[in-house]
Amino acid sequence: MEKMYITYLKNSIPPLLVLIFVVCIHYTITYVVLEPTRRFLLPPPHSIIYEGFFVPKHRDEIIRGLLITTKVSLIGLSIAYIIGFITALLMSQAKWIERSLYPWAVFTQTVPILALVPIIGFWFGFDILARIIVVVIISIFPIIINTLTGLRGASSNLHDLLTLHNATRWTRATKLMIPYSLPDMFTGLRTSAGLAIIGSIVGDFFFGRGSPGLGMLLKAYGQRLRTEELLSATLVSCLLGITVFWCFSYMGRKLVGHWSESWSS
Amino acid sequence: MADPVLTFSNVSKSFKEIRALEEVNFSINQGEFLALIGPSGCGKSTVLRLASGLDKQTTGEIDILTKKVGYVFQDPTLFPWRTVRKNVELLAELENYDKETIYKKTEEILSLVGLTEFENHYPIALSGGMKMRASLARSLLLDPELFLFDEPFGALDLITRGRLNLELMQLYVKKKFTSMFVTHSVEEGIFLSSRVIVFSGRPGKIKGEFKIPFEYPRDPKIKFSSAFGKLSLEISKVLEENS
């Protein structure tokens, strides 16, 4: 038990040192580099924290925004996961399916999402649904590609073993390919989780209507030159991203860490 | 005498332009342990793939009398998300054995290969030798009548390899499965088998055949006997001729 705490401490010290370093630089810029009249460009860390988290009005805005953004991201990510997994599974079953779908998977990755956002808004309105669609488009690619890599990863000997025992396509998929894909699938999910949050904020930012998530707050604070709140909302967005990333890492380690080399701690 | 379990008559195999096997003729009798020795890339593994039906020969006839064929690959091919026990049960599951039979047989086989205390370990936690034992156990559980081994111990260190040779020989004595064992180690081939077939390099052709006279069960010490040494020398000579 004690050992665990020590490792835990050891692991957290380096990033904490970086944090202290960054905060020092931040203060230096605010108080040394910037003249007092231009200090609004980068307010000191303590006033960012104060304005964002201790002024009740801002705090409530940010918490509500956080909840909406989280909700949209998670719904979008779940849908992206279901569609992505099924797509990858289909692609793994036949070369022609893979050839037919692959370009479209790449399309979701390369399309300038900013160009699509207004169109999605026209078609689906400017509220939750449209934002979820943006999230799905932005986060589906890593799920498809990583899951597909995993599904294809089993060696030919493993496949031969099943062939020798007359395994059906179904047996092959459920007993070999899907379990084999899990470590890669979690890698994809972890990447997509971060993207889902970005997608949710981007959608929100551009639609600017409906229930305000973090994106809309960022936009409003930016327009009103409220640098303190803007930076605290940004900070919250980052923390959300880190939390989600960490949750999926944890899930991956718990679910496949006991057998997968890439996920064992 | 009963018909041979497996017969190759004039079997050739080509992959596109490359001729892998040419006019291969041999047969294996019931209970025989045949070793196939040859340089790497000479088509030894292809012989196993043809025998098991994983590949189809280009020309020639293959007659096989049994459907119960066990196949042990070069690597242990364990499923990493299954424990040792679940891995050993895998093929029986695929063959739809009932649960009780699977359980009982697994108990027996695990103790036979000495893995009982590791039954709940995942392959990631096993040594190379233990993984190979689990792989053997998995095939053994189906009581194969013909056992095909594709250089199963090639990746192991010499000490583990020697131990597994001994264990396999003891299993063979106990279960009397007919075997075809591919290897490029002359010593391993002689120690295990009752007959050795030597293959030439590509395209694979049979260059020589040797009866191995030692009685089963064999003692590892026979490797140091003069008869063993003489056989190794002869086989090595054939192996090195223009290959």
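The conversation below takes the labels one at a time.

Mentor: Gladly. Keep in mind that this is a predicted model.

Trainee: Let me start with Ile102(B). Why is Ile102(B) called buried?

Mentor: A residue counts as buried if 20 or more other C-beta atoms lie within 10 Å of its own. Ile102(B) has 20 C-beta neighbours inside 10 Å, so Ile102(B) counts as buried. Its place is in helix α3 (residues 99-112) of chain B.

Trainee: What is Ile102(B) in contact with, leaving aside its neighbours within four places in sequence?

Mentor: With that exclusion, the partners of Ile102(B) are Glu89(B), Ala92(B), Glu93(B) and Tyr97(B). For one of these, Glu89(B), there is also a C-alpha figure: the C-alpha atoms of Ile102(B) and Glu89(B) are separated by 6.5 Å, and the two residues are 13 residues apart along the chain.

Trainee: Which domains does the assignment give for chain A?

Mentor: Domain 1 (1-41) and domain 2 (43-256). The C-alpha centres of these two domains of chain A lie 29 Å apart. Their contact takes 7 residues from domain 1 of chain A and 5 residues from domain 2 of chain A. On the domain 1 side, the classes are 4 nonpolar, 2 polar and 1 charged.

Trainee: How is chain B divided?

Mentor: Chain B has domain 1 (1-68 + 144-243) and domain 2 (79-143). Here the C-alpha centres lie 25 Å apart, and the contact takes 9 residues from domain 1 of chain B and 6 residues from domain 2 of chain B. The domain 1 side has 7 nonpolar, 1 polar and 1 charged residues.

Trainee: How do you know that α2(B) and α4(B) pack, and at what angle?

Mentor: Helix α2 (residues 84-94) and helix α4 (residues 128-140) of chain B have axes 7 Å apart and pack at an angle of about 35 degrees. The crossing is right-handed. In α2(B), Val84(B), Asn87(B), Val88(B), Leu90(B) and Leu91(B) meet Ala134(B), Ala137(B), Arg138(B) and Ser139(B) of α4(B). By class, that contact has 6 nonpolar, 2 polar and 1 charged residues.

Trainee: Which residues have the most contacts inside the largest nonpolar core?

Mentor: Leu36(B), Ile37(B), Ala137(B), Leu148(B), Met180(B) and Phe181(B), in a core of 65 residues. The largest share of this core, 6 residues, comes from α4(B). The core also draws at least three residues from each of domain 1 and domain 2 of chain B.

Trainee: What is Leu36(B) in contact with, leaving aside its neighbours within four places in sequence?

Mentor: Lys44(B), Val47(B), Met180(B), Phe181(B), Val182(B), Ile197(B) and Phe199(B). Apart from that core lies another, of 56 residues, including Met91(A), Ile120(A), Tyr180(A) and Leu218(A).

Trainee: Finally, how many residues does each chain give to the contact of chain B with chain A?

Mentor: The contact takes 13 residues from chain B and 15 residues from chain A. The chain B side divides into 9 nonpolar, 2 polar and 2 charged.

Note on methods. Residues numbered from 1 in each chain as written. Chains lettered and ligands numbered in written order. Predicted model: local features only at pLDDT ≥ 70, side-chain atom pairs only at ≥ 80, totals over all residues. Axes fitted to C-alpha atoms, helices over the stretch in contact; angles between N-to-C directions. Helix = DSSP H or I, 4+ residues; strand = E, 2+ residues; numbered from the N terminus. Left-handed = near helix turned anticlockwise from the far one by under 90°. Contact = placed C-beta atoms within 7 Å. Nonpolar A, V, L, I, M, F, W, Y, C, P; charged D, E, K, R; others polar. Domains from an automatic or database assignment. Core = buried A, V, L, I, M, F, W, Y, C linked by C-beta atoms within 7 Å. Buried ≥ 20, exposed ≤ 12 C-beta atoms within 10 Å, placed from the backbone.
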